[in-house]
Amino acid sequence: MTILSEAIIEREARILEEIKLVEGSNLWAIVMRRMKKSQMGMIGFYIVVSLMVMAIVAFIILQYDALFGLNNPTNDPYDILNYYVEIWVPGTDKYIRLIAHPSYIIPGDQTLAPNANYPFGTDTRGFDILSRTFFGSSLSLILGIVGQMTTSVLGMIIGAVSGYFGGFFDDVVQRLNEVITAMPGFILFIFVVSIFRDIASSIPGGLYMIVIVIFALIGWGGTSLIVRAKILSLKQTEFIEAERALGAKDARIIFKHIIPNSLSPVIVITTLGIANTIIQIAALAFFGLGDATAVTWGDDLAYHRDNLLTYWWMPTWPALMIFITILGFNLMGDALLDALDPKQAAG
Amino acid sequence: MIKISLRSYALRRILYLFPTLLGISIISFALIAASPGDPIQIRLGLWIGEQPEYEEVYNQVGFDIGVLDENGEPVSMFVRYFRWLGLVKDQYGVRSGILQGNLGNSWFYTMSGNIGKPISDIIVGRLWYTLFLTTPAFVISTILATIIGVIQATRQYSLWDKGVTLASLIGFSMPVFWLAKLVMLTAFYLFNFTGATTGDAFTEPFLINPRFYLFLILPTVTLVLTGLVFLSRLTRSQLLDILRQDYITTARAKGLTERRVIYKHAFRNAMLPIITVVGLALPGLLGGSVMVEGVFGWPGLGSVFLTSALQRDQPMMMATNFVFGGMFLGFRLLVDLSYAIVDPRIRY
């Protein structure tokens, strides 16, 4: 009798342990575990993470002096800008020069091929290309990520509202969507940016803000269609009925239940869309509608687009960085698509 | 379900094009109307205007482009739109709009000093170059992608499959304009020929001009490559999905040869998703053709569009939007109609 009950207790303890294991692993832990199986997906994930770390570090370094009021300690009128990023050697008054400021023209060092001083070379304007590539990462990635996030959020809200309420609003949104998707995206993008870019002249460096807004206003269609389709099927399910019976408001149902349940396709679209956004904004700069004063890979590539045969190092580094970024996001997006795919879960 | 013939389906779809085109024109026009900047000054920037008679010239130009009436008062946006459509008489008392086949005059492409070229002439002249570039590229890349996808799916995880997957992944992550530059670079080192177009390639009649075909090669190669990396990935995954189905196992169990299983049973069914994918690739191909034309200096509709966007040539932008939208809708219609030809089960 005692032996039997011990065996039962042992078995139940094991079951409890298993339940605990499953409980602790929410959707994202499961997705992460599945993603780890895909080698390419993990490569993409590491690329994306290291690029983000690089972008954040670059942003902090570039803002550091301005944040702490260190950029002009002696009030030297000729020293408005920082020339070099330096490290102070503790205990002395010496500084170790690390890298040139991305918009500092190094006197006399124009058009140098990669060498010991400048590992990526310098360009025709006298900028250190390593510095341009490093510090360009923050704006380039922010543009891609913020642009795509805005698009996805806008598409999600419009899709959720139009799917949930239906009726006149839904009809208007669907017709509008049909007309917008009847234009090839890149052509519409260039068209709208070219006629609205004058607004940017009143805001310093504001061109890319307008570009992002325009990108979101053009691109919400795909996401909204997916969310809308998901909602039309979710609306009939019992748990939404139950929630409504409990007296929940529409906003609560949409934001608490419907959007989280339709999140997984949106996440895949967003990851793959970031790559596409970076390409589109770089293409915009490449064809002359970028902001020449901004430090981004796309604008550097655009400035040096005709130097490929003569000074190969000038366009190659920014192009390589764009390529690696897009590769990383694509690999990660593909792996996410597999990991979130319910068909895959059964097999 | 109501059964209607393919012909009436096609007719209905063609009729449906018109409201969509109208929507495109309304949105383009509304965006242009809402955009900042004085259109007369944009036009005047390309005008030889002397300082003393500036106001006179300003009013005259405003009248010519239909922004101001003869008293120098601004014309309402709605009137301008209906004039553009050809429903309302324009400033010269003639109905000449899109319904009459007149797209207006360009602001940037001028004939002698100050008269803008008719846009219809420019577009008809350039449209052929774009069609000669995109159509063969589209057909070649679809056929090649199908072949490569089939080979990859049937030899899954072989060295060939892995190699092509890696190559298409690399190609997929390459911006089109940079791919075009790399194609140029490669051709320069191999053949000492960059493919950047020169004037002698476009002497009329260009159809019997060998230089034209020489300069056609590299842009077509670039467009084929961009289409290929997108399409072959999807063809492979679609075919792999189908090869996992039960009826394929049944066909194999019946003792059919592998070749027969793939071409008779799997491929027929994979055609439908492939056509869908081709339809999805269309906007990318048209956008890509704009980029490729921009890089190679190919004087098609894409370069006209890019130039007009940079120079803010508003009537030209309206017209190119309209034509690109129409081209895209036309291609998509063809894709949809080919469903019915490929799949006998589909009844509209």
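Me: What share of the residues of chain B count as buried?
Reply: The model is predicted: local features need pLDDT of at least 70, side-chain atom pairs count only at pLDDT 80 or more, and totals for chains, interfaces and linings use all residues. Residues are numbered from 1 along each chain as its sequence is written, chains are lettered from A and ligands numbered from 1 in the order in which they are written, and side-chain values use heavy atoms, with hydrogens and water left out. Buried means under 20% relative accessible area, exposed over 50%, and partly exposed in between (1.4 Å probe, protein chains only). Of the 348 residues of chain B, the buried share is 48%.

Me: How many helices and strands does chain B have?
Reply: Helices (H or I, at least four residues) and strands (E, at least two) are DSSP runs, numbered from the N terminus. Along the sequence the pattern is α-α-α-α-β-β-α-α-α-α-α-α-α-α. Chain B therefore counts, by these DSSP runs, 12 helices and 2 strands.

Me: Is B:Pro118 buried, partly exposed or exposed?
Reply: B:Pro118 sits in strand E2 (residues 116-118) of chain B. Its relative accessibility is 26%, and buried would need under 20%. B:Pro118 is partly exposed.

Me: Which residues gather in a patch of positive charge on the surface of chain B?
Reply: Patches are made of residues with over 30% relative accessible area and no salt bridge, like charges being joined within 9 Å and nonpolar side chains (Val, Leu, Ile, Met, Phe, Trp, Tyr) within 5 Å. Lys and Arg count as positive and Asp and Glu as negative, while His and the chain ends are not counted. One member lies in the loop between helix H9 (246-253) and helix H10 (258-296) of chain B, and is exposed at 60% relative accessible area. The patch consists of B:Lys254, B:Arg260, B:Lys264 and B:Arg268.

Me: How many of the 12 residues of helix H6 of chain A are buried?
Reply: Helix H6 covers residues 185-196 of chain A. The buried residues include A:Phe186, A:Leu188, A:Ser194 and A:Phe196. H6(A) is largely enclosed by the rest of the structure, because the number of its residues that are buried is 11.

Me: Which residue of chain A forms a salt bridge with B:Arg233?
Reply: A salt bridge is a side-chain nitrogen of Lys or Arg within 4 Å of a carboxyl oxygen of Asp or Glu. Here the closest N and O atoms are 3.3 Å apart. The pair crosses between chains, from helix H8 (residues 210-243) of chain B to helix H13 (residues 313-340) of chain A. The partner of B:Arg233 is A:Asp334.

Me: How many residues apart in helix H5 are A:Arg175 and A:Glu178?
Reply: The side chains of A:Arg175 and A:Glu178 meet in a salt bridge. An α-helix has 3.6 residues a turn, so residues three or four places apart point the same way. In helix H5 (residues 167-181) of chain A the two are separated by about one helical turn, and the spacing in residues is 3.

How values were computed
Areas by Shrake-Rupley, 256 points an atom, 1.4 Å probe, with all protein chains shown as cover. Charge placed at Lys NZ, Arg CZ, Asp CG, Glu CD. Expected span 1.5 Å × (residues − 1).
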